[in-house]
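I opened my notebook to look up charged pairs and surface spots in this structure. Here is what I wrote down, entry by entry.

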Amino acid sequence: NLRAFIRGGRGYIGTCAGALMACDKNVWAGHDDNYGLFRIAPVTGIGPVQEQDGGESMRMMELSIDPEWNSVGREGYGVDPAVPAYVLSINSPWFEIGDSGGVTVVTRYSGCGKPAYIACEYGAGRVFLTGPHPEIEEDDARDGNSYFDSFDDAGSDWPLMRMAVDWCLGEERS
């Protein structure tokens, strides 16, 4: 039902495990982990990203925004691709893009250069996947919890995620 829903023109945003479930294949800690995959993105989810102390810790990760990701107009969102994003990573994956094409890298982990956020189409729908956790506003109470407030994300990840939501809905700003 989910695949038909997205293929029919809807959007899907997956973060961390939700992103892994959307992949064609997963490799976790060197082992295939392909149970329950939706297979809506032609990528392999691989984790944890190695620059994260073997995946055993929570930490802020610097992401470089790909300046070529221009599917969504940046002007209306206040996202500057020259300024890195800092996003909380909790055993977060990265994405290996196969030869089938059609996948756009939106951000990369600055340390290793591996894709951290990706976007692709699935039928008439759109899919946006993130390895780390942009939904958490680390140093601000507006996300409704204070659990990760000891971290500093040097800004907000929400404008970039608003771009992703609008892109998935086909409501890009110009």
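I began with the words for cover: buried means under 20% relative accessible area, exposed over 50%, and partly exposed in between (1.4 Å probe, protein chains only). This is a predicted model, where local features need pLDDT of at least 70, side-chain atom pairs count only at pLDDT 80 or more, and totals for chains, interfaces and linings use all residues. Residues are numbered from 1 along each chain as its sequence is written, and side-chain values use heavy atoms, with hydrogens and water left out.

**Salt bridges**

I searched the whole structure for salt bridges (a side-chain nitrogen of Lys or Arg within 4 Å of a carboxyl oxygen of Asp or Glu) and found three.

I looked at Glu121, which pairs with Arg126 at 4.0 Å between the closest N and O atoms. Glu121 counts as exposed, because its relative accessibility is 53%.

Next I noted Lys25 and Asp32, whose closest N and O atoms are also 4.0 Å apart. Asp32 is exposed at 56%, whereas Lys25 is partly exposed at 34%.

Then I turned to Arg162 and Asp166, which meet at 3.2 Å, N to O. Both lie in helix H3 (residues 158–169), four residues apart, about one turn of the helix; helices are DSSP runs (H or I, at least four residues), numbered from the N terminus. Is Asp166 buried or exposed? I found Asp166 buried, with a relative accessible area of 3%, while Arg162 is partly exposed at 42%.

Key: Helix = DSSP H or I, 4+ residues; strand = E, 2+ residues; numbered from the N terminus.
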